[in-house]
Amino acid sequence: MAKKDRRAPQPAFVTLRDLPGTRVLFWVVDACPYCGERHMHVIGNLRDAEPVDALGEVPAPCQPDRAYILTVPPKPKRKAGKEERRRARRSGQRDSWDDET
Ligand SMILES: [Zn+2]
């Protein structure tokens with residue numbers, strides 16, 4: 001991705017994760033557009049967190065004066081296995097949570 005404007009926030013692709021046993025949801029930036037490292041952004045409790053609301057521009061943890069835009073990546077292609085598809089579905093729609101209580 002071209003970096004023509006150094007100050008413009010860059011998109012950062014995220015993966016939705018939860019922490020087994022804790023019900024904490026967070027977005028994981030697998031490759032930061034600035035430092036290439038992985039950053040995690042806690043969304044909140046699985047029960048009442050709204051992952052989509054946590055998307056958008058946030059300060060980059062590694063660059064105090066810059067921001068990036070948390071962005072859900074395009075859907076993965078079909079090469080992946082069942083587990084991968086399940087993950088993609090979970091990040092795409094919220095009615096598939098197994099814990100509705
Ligand atoms: Zn970074």
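Strands here are DSSP runs of E at least two residues long, numbered from the N terminus, and two strands pair if DSSP finds at least two bridges between them. With that in hand, β4 and β5 make a hairpin with two residues between them. The model is a predicted one: local features need pLDDT of at least 70, side-chain atom pairs count only at pLDDT 80 or more, and totals for chains, interfaces and linings use all residues. Residue numbers run from 1 along each chain as its sequence is written.

Strand β4 covers residues 56-60, and its pairing with β5 is antiparallel, over five bridges. Y68 sits in β5, which spans residues 63-71, and the residue standing opposite Y68 is V58. V58 also turns up among the contacts of Y68, together with P9, Q10, P11, A12, P33 and A60, leaving out residues up to four places away in sequence. A contact here means C-beta atoms, placed from the backbone, within 7 Å. E57 is eleven residues from Y68 in sequence, yet their C-alpha atoms are 5.5 Å apart.

Now for burial. Counting other C-beta atoms (placed from the backbone) within 10 Å, 20 or more makes a residue buried, 12 or fewer exposed, and anything in between partly exposed.

| Residue | C-beta atoms within 10 Å | Class |
|---|---|---|
| Y68 | 25 | buried |
| R23 | 13 | partly exposed |

R23 belongs to the loop between β1 (10-19) and β2 (24-29). Its backbone is worth a look: R23 isn't a glycine, but its phi is positive, about 65 degrees. Most residues other than glycine have a negative phi.

Methods
Helix = DSSP H or I, 4+ residues; strand = E, 2+ residues; numbered from the N terminus. Contact = placed C-beta atoms within 7 Å.
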